[in-house]
Amino acid sequence: MDFEFASVDGGDIVVAGRIDTSYDEFAINIDFGKTYYLSSLLYWNLNNSKPFIELAAGKEMWEIIDKYQVEGGNLYI
């Protein structure tokens, strides 16, 4: 799947992915509202053989919060 920034508007960012770049429609959209800071490649792709994003839970979630000093409403990937 190939990803790109579909929209960057006033801090609201939409990352979208396509299975095939010859199609106009995106297979997935990920909306990040009121983004404070972003450091990323402008275009990237991934290997579809395993999940590319998942929510952290339990101990892993708290380790990420402590390591990256996540505050309410912020998401770091």
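1. Arginine 18 has its place in strand β2, where a strand is a DSSP run of E with at least two residues, a helix is a run of H or I with at least four, and both are numbered from the N terminus. The model is a predicted one, in which local features need pLDDT of at least 70 and side-chain atom pairs count only at pLDDT 80 or more, while totals for chains, interfaces and linings use all residues. Residues are numbered from 1 along each chain as its sequence is written, and side-chain values use heavy atoms, with hydrogens and water left out.

2. Is arginine 18 buried or exposed? Arginine 18 counts as buried because its relative accessibility is 13%, and buried means under 20% relative accessible area, exposed means over 50%, and partly exposed lies in between, with a 1.4 Å probe and protein chains only. Leaving out residues up to four places away in sequence, arginine 18 touches Met1, Asp2, Glu4, Tyr23, Asp24, Glu25, Phe26 and Ala27, a contact being heavy atoms within 4.5 Å. The strand around arginine 18 is mostly covered as well, for six of the seven residues of β2 are buried.

3. The four strands form an open sheet in the order β3-β2-β1-β4, with antiparallel pairing, and two strands are said to pair if DSSP finds at least two bridges between them. At the edges stand β3 (28-32) and β4 (43-45), each of which pairs on one side only. From one strand to the next the twist averages 25 degrees, taken between axes that are lines fitted to C-alpha atoms (for helices over the stretch in contact), with angles running from 0 to 180 degrees between N-to-C directions.

4. The pairings can be followed one by one. Seven bridges join β1 to β2, and these two strands run antiparallel; glutamate 4 stands opposite alanine 16 in β2, and valine 8 has isoleucine 13 in β2 as its bridge partner. The hairpin of β1 and β2 has two residues between the strands, and there glycine 10 takes a positive phi near 60 degrees. Between β2 and β3 there are five bridges in the antiparallel sense, with isoleucine 28 in β3 as the bridge partner of glycine 17. β1 and β4 pair over three bridges, again antiparallel, and phenylalanine 3 stands opposite tryptophan 44 in β4.

5. Which residues make up the largest nonpolar core? This core has five residues, namely Met1, Phe3, Phe5, Ile13 and Val15, and the elements that give two or more residues to it are β1 (2-9) and β2 (12-18). A nonpolar core here is a set of buried Ala, Val, Leu, Ile, Met, Phe, Trp, Tyr and Cys residues joined through side-chain atoms within 4.5 Å. In soluble globular proteins, nonpolar side chains tend to be buried together. Methionine 1, leaving aside neighbours within four places in sequence, is in contact with several residues, among them Gly17, Ile28, Trp44 and Leu46.

6. Phenylalanine 32 lies in strand β3 and is partly exposed, because its relative accessible area is 22%.

7. Lysine 34 has its place in the loop between β3 and β4, and it is exposed because its relative accessible area is 75%. The phi of lysine 34 is near 50 degrees, a positive value in a residue other than glycine. Most residues other than glycine have a negative phi, and most peptide bonds are trans.

8. Some totals complete the picture. Of the 77 residues of the protein, 14% count as buried, and the protein exposes about 6700 Å², of which carbon and sulfur atoms supply 52%, the areas coming from the Shrake-Rupley method with a 1.4 Å probe and, for residues, only the protein chains shown as cover.

9. A last point concerns confidence. The protein averages a pLDDT of 80, and 90% of the residues score at least 70, where pLDDT is the predictor's confidence in each residue, from 0 to 100. Among the elements, β2 has the highest mean pLDDT (89) and β4 the lowest (72). Where pLDDT is low, the predicted coordinates should not be read in detail.
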